[in-house]
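Let's take a friendly walk through a protein model together. Have a look at the chain first, and then read on.

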Amino acid sequence: MTQTSHPALAGQPHFHLQDGTLHAEGVALDRLVAEHGTPLYVYSRAALAEAYGRYSDAVNGRDVVVCYGMKANSNLAVLKEFARLGAGFDIVSGGELQRVLAVGADPAKIVFSGVGKQAWEMQTALKAGVKSFNVESEAELRLLSLVAEAEGKRAPVSLRVNPDVDAQTHPYISTGLKENKFGIAIEDAPEVYRLAKSLANIDIVGVDCHIGSQLIDISPYLDALDKLLDLVDGLKRDGIEIHHLDIGGGLGIRYTDETPPSPKTLLDQVFDRLDARGYGHLQIVMEPGRSLVGNAGILLTTVQFLKHAEARNFAIVDAAMNDLLRPALYQAWHGVVPVKPRLGAVQIYDIVGPICESGDWLAKQRPLVLAQGDVLAVESAGAYGMVMAGNYNSRVRPAEIMVDGEQSHVVRKRETLEMLTAGESVLPD
Ligand code: LLP
C-alpha cells in the first residue's frame, strides 16, 4: 500500500494541505518549524473565532453568558482573543484570575469554580468583583462568608450541585456522579442553600453544575437540567430566588469520528426545557473549554529515529508525554499526519517520545509513510495540551505560536535550560 494523498485533519478545517505542505491558515508549517523548531504548539486565530461564533450564534437573543473554561488553554493570546470576542471566563485558581485580569477581562463575567479555593484566592476574586463563586461544599461556603466579612464585601454564590448523572465519558473526566469529589449532592443542596441565605455576607445568585468533559450526547445535560430545575422549584418554595443557571462546560469535539452536538443543538433544547417549565427568564451561564480551543491547535514534532523492532515499528519523536499528556493519562486518541506527506510504503507505527516510561506514547498503530527528520502534526491538541505540559526528564516546555492569516506570532517562547533550574539551589558545602 502506498500513501499518496493526505488524510484531512478531523474537525480542523483551518489546518489544510496546500502545495504538498500542511498549512495553518495561510502559513506553511515547515516554515514555522524551520524558524522555531519542535515540539511546537500552533494555534489558528480564525479557528478560535469560529468556535466562539458557534456559541454566540446559538444564543438566539436569550440571556446567555459564555464563560470560557480557561483551564483548557490559558495562553494570554488565547484569553485575549476570547476577551475581545466578548466572552466571560470560568476560572479555578488565583493564577487563572491573574491571567484573565491581565488581558482585560470583564470581572462581571467571571465565574470562579473549583473544589478547593483558598482564602487568598477568594479575597482576590472578591476584590476583582467576580460574577459568581461556584461553591462546592458547606465548609467552603462558611470560609467564603468569613473572608467576605473581613473584606467588607458580599460574595455572590451559586452552589455547584452534583446531579448524579452519568456523562458517559472517560471516568477521569466524568464529574457528575455521586462518587466524584465535585459539588454538593443534589439532595443536600436545599439545606446548604438555606444556610447560604442565613449567612450575612453571602448573596445567592445561581445554581451550577458541570457533569463531565468530551460529552458527545445531549441527554446527560438534559437529565441534569431537569434535576436542577426540580431543585429551583424547591428553592422557590423556601423563598430563595435565583438569577442564573450555570450548565457547565463539557461539549465534546471531533478527535476522530465523533459527532458531538453543536452549541446550537444543545442550547435550543435547553431553552425548550426552560420554557416548558416556566423558567424562560433565567440567565444561562456556560463554561465551555475544549469545544472552543481543542480543534484550534496542533502539536508539531520531528521524527528523531525510526526503530523497527520485532513486534512493533516505532517512530521516536521529539515530543513526549510531558508536552502532551492526554494519550498517556487517558489513552486519548489524537490523529497524526505528516506535514509533508511522502510517497512510499505504508508501515504501522507507534509514535513514542524519548521519556523513560513505557506510557510515553502519543499514538499507537498508525499507518504512515515516514523517514527520519519528517515533521508530524498531532491533531486536536489545542485543549488540555500545553496547559498540562511539565518538565519531567528535565525537558523544556514547547513554544506556542498563533497564526493569523498569513502572519504568525510567538505567543510563548520555548523554555530554556536556565529556566528549568532557576528556582533551585544546593545546600552549602
Ligand atoms: N467547568 C468546570 C467546572 C470544569 O471542571 C471543566 C473541565 C470545564 C468547565 C470545561 O470543560 P470542557 O468544556 O473543556 O469539557 N484534562 C482532561 C479534561 C479535564 C476537564 C476538567 N474540567 C482532558 O484532557 O480530556
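This is a predicted model: local features need pLDDT of at least 70, side-chain atom pairs count only at pLDDT 80 or more; totals for chains, interfaces and linings use all residues.

## Two domains

Domain bounds here come from an automatic or database domain assignment. By that assignment, the chain is divided into domain 1 (8-44 + 294-420) and domain 2 (113-288). How far apart do the C-alpha centres of domain 1 and domain 2 lie? The answer is 36 Å. Twelve residues from domain 1 and seven residues from domain 2 take part in the contact, where contact means heavy atoms within 4.5 Å.

Residues are numbered from 1 along each chain as its sequence is written, and side-chain values use heavy atoms, with hydrogens and water left out.

## A pocket between the domains

Pockets and cavities are found on a 1 Å grid over the protein atoms alone: in a cavity a 1.4 Å probe fits but cannot get out, whereas a pocket is an open set of points with protein on both sides within 12 Å along at least five of seven lines. Lining residues have an atom within 4 Å of a point. Grid points are joined across faces, edges and corners, and a volume is the space filled by probe spheres set on the points.

The second largest pocket has a volume of about 360 Å³. Its lining has 22 residues, and the closest to its centre are G11, R54, I253, S291 and N295. Why does this pocket lie between domain 1 and domain 2? It does so because both domains give residues to its lining.

Helices (H or I, at least four residues) and strands (E, at least two) are DSSP runs, numbered from the N terminus. Helices α2 (45-58) and α10 (290-293) each supply at least two lining residues, and α2 gives the largest share, five residues. By class, the lining has eleven nonpolar, seven polar and four charged residues. Here Ala, Val, Leu, Ile, Met, Phe, Trp, Tyr, Cys and Pro count as nonpolar, Asp, Glu, Lys and Arg as charged, and the others, Gly among them, as polar.

## One cavity

How many cavities of 30 Å³ or more are there? The count comes to one. The largest cavity has a volume of about 30 Å³, and C209, Y221, A224, L225, L228 and I247 line it. That lining has six nonpolar, no polar and no charged residues.

Now turn to helix α7 (residues 189-198), where A189, V192, Y193, L195 and A196 are buried. Buried means under 20% relative accessible area, exposed over 50%, and partly exposed in between (1.4 Å probe, protein chains only).

Among the elements covering the buried residues of α7 are α6 (138-151), β9 (155-162) and α8 (219-237). The face turned away from the buried side carries the exposed residues E191 and S198.

## Backbone details in loops

The peptide bond from T38 to P39 is cis, with omega near -5°. You can find P39 in the loop between α1 (29-36) and β4 (40-44).

D19 has a positive phi, near 50°, in a residue other than glycine. D19 lies in the loop between β1 (15-18) and β2 (21-24). Is D19 buried or exposed? D19 is exposed, with a relative accessible area of 74%.
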